[in-house]
Amino acid sequence: MKEIFGNLLGLKSSQIKRLENLSRRRVPPQAIVSHELCRDLCALSAETSRQIGLLVDRSGKVVQVLMGEVDRIVIPDLKDYRLAPDRLRGLRCVHTHLAETPLTQDDLTDLALLRLDLMAVVTMTATGAPALIHWAHILPGGSESRPYQIMDPIPPFRPGIDCLNLIQALEAELARKKSDTGGGQAGSERALLVSVFTGPRKDAVDSLDELEELTRTANISIIDTVLQQRKKANPRFLMGSGKLDELSIMALHRGATLIIFDQELNPSQVRSIADRTEIKVIDRTQLILDIFAQRAQTREGKLQVELAQLKYILPRLVTKDTAMSRLTGGIGGRGPGETRLEISRRRARDRIRRLEQAVATVQKNRSQQRSRRQKKGLPIISIIGYTNAGKSTLLNQLTQSRVLAENKLFATLDPSSRRLRFPRDIEVIITDTVGFIRDLPKELMAAFRATLEELENADLLLHIIDISNPRHPDQIHSVETILAELNLAGIPTIRVLNKMDRVDPETCEGLIQRLDGIAVSALDRLSLKPLSEKMEAAVEHLYANSAGSGGKL
């Protein structure tokens, strides 16, 4: 990182040599900058009519010289220097202003966003001499709108403030604040949830509520939620760059380790946001894929989830490490940085091909299992519905089985089939399927085709609806939309209005009439009698139609 960072165009060779000499200077650890170095910085800045800056580590070593423009200076990527909620960067930035202008908002944003030890500006007189040193530091426990403290300016001939002790005291306070907020739990993720919407606010709030449920299902702590309404989404950052900086500062200030966007981010947006902030960023789709990866138990489920994850990640595979690409020689040569990225992409494509072959084998095996069931002539009833509507609980009650059932989204991913015998000695196979969700990621739709193909051979669908959820009309629409996409809308369906014990009787009666369904409580076996009778009647009707047409179920 010893090179001069910035635009050197138009500089004399002697000026470049003086800039290089600055990188060999040292600063007393207790001082912001030495008087002599401060004087030389200002003289060279006045001569070139540009801002000049230094990044100084805690030992007083200049690790980077920055060459700016007339009105601004750009700090390079600092990924090689640690960053954690309870630590500062280990670097302080000192740069010149060509006039007697104190710290700007850009300076303070860089201080907070990059978690620098200090940010200092040396103002200059009309003759190019240093005037004052304006400085600020991170303020532990400060407000999110002002997470820094601007100190009184000091004269350049007396720049000692005992820097090292001040920085150590700030880090000790940051560590204490992190511990007080519970951020010290090992291995725990702390997320800030963000929704940038252009439509009705109610829809955005409902969607963000569902994102909160998904986040808790993934065992991630939620620090806060942020809603921003825009007339049009920013094609680069989704939100404005200034708002993204504020969000990053808030996340760092609150000890967040993760920012989760409710909207799906395209590959270019992921790259742009990742370049702007050093906190991990994922979107709703990736969160759902992560939950599926946690929940998959069988080999088939794991294959399908890995395939979905790789297809999602492949177009987003990027690398910010391009430093080594300069080592290549010859015209059109490819540097090691580019080669590493290509290797990663090639390996991902190879793995995708192998997984697709494995999933095709799964589909073939499932097809053979379905053929054997069809030869036995047993009707198939498939339970479908929005995730966490109570599908597995209902299957357990109907068949006296012990399929995993939890009050979480996507508690079960792998399909479960059980036999069910009705009182009139009619036997059926009843199957629980993966839960649906609004805007089910297309990668999952493709990967879980083998699982969802179970529905194609269903003779009857039980659509489980959680009527205690205020968003149930939207959930019904989402399920029916997915069924239409799978060309399954023509299969006879019984609507099962679950969790009737959580709504008042009058509301329940109105929903029965409006949705043309049967109200049950999957936890109460006695409430399932009307449903069992209707299922039995539907199966008998299917038998009668099949016998009349001379076909099979």
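## Basis

In this predicted model, local features need pLDDT of at least 70, side-chain atom pairs count only at pLDDT 80 or more, and totals for chains, interfaces and linings use all residues. Residues are numbered from 1 along each chain as its sequence is written, and side-chain values use heavy atoms, with hydrogens and water left out.

Helices (H or I, at least four residues) and strands (E, at least two) are DSSP runs, numbered from the N terminus.

Strand S12 spans residues 380-385 and is mostly covered. Of its 6 residues, 6 are buried (under 20% relative accessible area; exposed is over 50%, partly exposed in between; 1.4 Å probe, protein chains only). Ile380, Ser382 and Ile384 point one way from S12. Ile381, Ile383 and Gly385 point the other way.

Strand S14, residues 427-432, runs parallel to S12 and is joined to it by 4 bridges. Here Ile383 stands opposite Asp432. Strand S15, residues 460-466, also runs parallel to S12, with 5 bridges between them. Ile384 faces His463 across this pairing.

## Asp432 in S14

Asp432 sits in strand S14. Its relative accessible area is 1%, so Asp432 is buried. Its side chain makes a polar contact of 2.7 Å with the side chain of Ser392 (a pair of N or O atoms within 3.5 Å; within protein, one must be able to donate a hydrogen and the other to accept it, and residues adjacent in sequence count only if both atoms are side-chain atoms). Asp432 and Ser392 are 40 residues apart along the chain. Their C-alpha atoms are separated by 6.5 Å.

Strand S8, residues 190-197, is joined to S9 by 8 bridges. Val194 has Val226 in S9 as its bridge partner.

## Helix H14

Helix H14 covers residues 472-485. Its 14 residues should span 20 Å at 1.5 Å a residue (the expected span is 1.5 Å times one less than the number of residues). The end C-alpha atoms are 20 Å apart, which agrees.

The buried residues of H14 are His472, Gln475, Ile476, Ser478, Val479, Ile482 and Leu483. They cover an arc of only 160° around the axis, which puts them on the same side of H14 (the arc is that of the directions from the helix axis to the C-beta atoms). Exposed His477 and Glu485 are carried on the face turned away from that buried side. Asn487 follows H14 and has a positive phi, near 60°.

## Arg58 in a loop

Arg58 lies in the loop between strand S2 (52-57) and strand S3 (62-67). Its relative accessible area is 18%, so Arg58 is buried. The Arg58 side chain makes a polar contact of 2.9 Å with the side chain of Glu171.

Notes
Pairing = 2+ DSSP bridges.
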